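The following exercises are to be worked with the sequence and the model side by side. Each task is followed by a solution in steps.

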Amino acid sequence: MVRTLAGLVVACLLSAPSAALAHGGLKSSVPASGATLSIAPTELRLVFTEVAELTFTRVELRGPDGTVRLGSLSFAGSDRRAVVTPIDAPLVAGQYTVTWQVAGADGHPVRGKYTFSIDAGASGLAILPPPGAAGSIAEVHHDPETFPDAGGFDAGSPLYVVIRWLQFASILVLTGAIAFHLFVLGFLRKKQRPDSPMLRPASQAAARIGFYAALALAAVAVMRLVAQSYAMHAPGSGFAPALMWSMIGRTTWGWGWLLQVLATIGAIAGFSAARRDPSRGVGWRIATISALVGAFAPALSGHAASAPTLRPLAILADGLHIIGASGWLGSLLILLAAGIPAAMRLEKDDRGPAVADLVNAFSPTALAFAGLTASAGVFAAWLHLGAIPALWQTQYGKTLLVKLAILGIVTATGAYNFLYVKPRLGKLDGVQHIRRSATIEVGIAAVVLLVTAVLVATPTAMDMTK
């Protein structure tokens with residue numbers, strides 16, 4: 001079942017055109033698209049549907065004589081959706097093409113082009129040189145290859161989707177390790193089995209898994225930076241340190257990336273200390289604080305960062321959604337990978353009851369975090385959809401429905417575990433049942449993360465109505 005669902009999602013990724021996954025777009029321009037002018041323009045003014053990040057914005061003008069030199073980009077007064085660039089070269093009559101690239105606060109690139117024409121008798125045209133004279137009126141601004149292209153690679157490309165999926169999966173495992181230690185083992189430690197010999201090895205195993213998840217997240221951060229720079233800059237220049245640093249320090253996307261890196265470094269240090277000595281709480285405290293901070297970093301490179309209204313609440317809901325999903329499904333993964341193996345190393349007669357204790361402690365944790373996931377998700381859906389019909393009338397809504405359908409399978413599997421498998425725990429055959437059904441639940445959850453990685457690069461219904 002998991003393989004089938006994953007195959008369907010991947011097929012959708014490969015078949016969907018990249019342009020369909022872009023945010024916002026060009027709202028208006030001066031000169032306007034398709035216009036025929038009787039006066040040669042002296043500047044280009046482009047108004048976008050969302051606030052533009054100047055660091056990610058590029059404009060190129062090409063006419064009958066090639067690329068036309070343009071001046072520096074700037075905002076049009078206080079309107080951060082309008083970008084202006086002066087035309088620094090005289091123009092001739094003919095057709096011109098404006099090619100543009102822009103990205104909003106979430107860092108997702110959008111590209112497009114339009115044309116306008118200048119009449120032969122228009123005022124303000126350049127004086128043509130005599131026939132046969134050397135030189136050209138138009139001056140080349142830069143080599144055409146310096147305009148970002150990246151072969152169509154952008155935030156909606158399948159490879160970028162996979163990178164985001166790895167990011168979400170690493171965060172889920174990392175935060176799940178903390179939830180398992182604090183709530184599942186914490187409940188046993190304080191309420192049921194304070195002297196259980198499985199507590200220490202389970203805690204160490206959770207710290208070890210969290211440590212490797214943090215290392216994976218660090219590697220993914222490097223991949224995200226490279227992918228973003230490649231998508232936003234010209235081929236051959238995207239890996240220049242100066243351009244990367246400008247992207248990190250001058251954009252909302254970059255601040256979110258830097259926040260994620262700092263939180264990941266803290267998590268690596270915390271888990272490293274916790275795995276050496278789980279009895280000391282300082283390592284777990286550092287890891288917990290780092291995970292909480294890092295959970296809000298993806299919001300700065302997703303829909304929440306570019307929400308037209310209630311942006312602080314959108315970022316808060318996005319972070320809480322990640323925390324909830326990680327506490328629910330991430331801790332289930334740690335239960336399978338750390339908790340049950342620790343219980344199975346006990347004496348044979350103690351194994352079944354120990355696994356039952358773990359599952360009984362996990363159940364209220366899962367319910368609480370699942371409730372948080374649902375509440376934050378409903379608010380985010382309301383904010384980004386705007387109206388219920390957008391669920392089936394927009395690409396964002398349709399993708400969200402796919403996510404909800406697969407998440408419904410996860411919920412149904414969890415209900416099966418709670419109603420059918422849990423009452424049969426206490427014996428070794430019950431352990432096999434919980435392992436099998438919980439593994440299926442985690443596998444389907446991985447597919448949910450893949451759909452989420454697509455969803456965060458799909459234009460929302462509110463984007464389409466700006």
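Helices are DSSP runs of H or I with at least four residues, numbered from the N terminus. The model is a predicted one.

**Exercise 1. Locate R164 and decide whether R164 is buried or exposed.**

Step 1. R164 has its place in helix α2, a helix that spans residues 158–192.

Step 2. The relative accessible area of R164 is 6%. Because buried means under 20%, R164 is classed as buried.

Step 3. Leaving aside residues up to four places away in sequence, R164 touches A155, A453, V456 and A457.

**Exercise 2. Describe the protein as a whole: its secondary structure, its buried fraction and its contacts.**

Step 1. The secondary structure consists of 12 helices and 9 strands.

Step 2. The protein has 466 residues, and 52% of them count as buried.

Step 3. The accessible surface is about 20,400 Å², with 64% belonging to carbon and sulfur atoms.

Step 4. Of the contacts between residues at least 6 apart in sequence, 74% join residues at least 24 apart.

**Exercise 3. Identify the residues that touch the most other members of the largest nonpolar core, and the elements that build this core.**

Step 1. The largest nonpolar core holds 70 residues, and L174, F180, F271 and L358 touch the most other members.

Step 2. Two or more residues each come from α2 (158–192), α3 (199–232), α5 (252–276), α6 (281–295), α7 (311–343), α8 (348–385), α10 (395–421) and α11 (428–455). The largest share, 14 residues, is given by α2.

Step 3. Beyond residues up to four places away in sequence, L174 touches G210, A213, A214, L217, A267, F271 and A291.

Step 4. Another core, of 24 residues, lies apart from the largest one; A89, L91, V92 and Y114 are among its members.

Step 5. As a general point, nonpolar side chains in soluble globular proteins tend to be buried together.

**Exercise 4. Work out which strands pair with β9, and in which sense.**

Step 1. Strand β2 (residues 36–39) pairs with β9 (residues 109–123) in the parallel sense, over 3 bridges. In this pairing I39 of β2 stands opposite S123 in β9.

Step 2. Strand β8 (residues 94–103) pairs with β9 in the antiparallel sense, over 10 bridges. Here G94 stands opposite I118 in β9.

Step 3. β8 and β9 form a hairpin with 5 residues between them. G107, in the turn, has a positive phi of about 80 degrees.

**Exercise 5. State how many cavities of 30 Å³ or more there are, and which residues line the largest cavity.**

Step 1. The count comes to 3 cavities of 30 Å³ or more. The largest cavity has a volume of about 70 Å³.

Step 2. Its lining consists of I171, L174, T175, L217, Q260, A263, T264, A267, S290, A291, G294 and A295. At least two lining residues each are supplied by α2, α5 and α6.

**Exercise 6. Give the volume of the largest pocket and the origin of its lining.**

Step 3. Two or more lining residues each come from α2, α3, α7, α8, α10 and α11. The largest share, 10 residues, comes from α8.

Notes:
Residues numbered from 1 in each chain as written. Heavy atoms only, no water. Core = buried A, V, L, I, M, F, W, Y, C linked by side-chain atoms within 4.5 Å. Buried < 20%, exposed > 50% of the residue type's maximum accessible area, 1.4 Å probe, protein only. Contact = heavy atoms within 4.5 Å. Areas by Shrake-Rupley, 256 points an atom, 1.4 Å probe, with all protein chains shown as cover. Pairing = 2+ DSSP bridges. 1 Å grid on protein atoms, 1.4 Å probe; cavity = no way out; pocket = protein on both sides within 12 Å on 5 of 7 lines; lining within 4 Å. Points joined across faces, edges and corners; volume = space filled by probe spheres on them.
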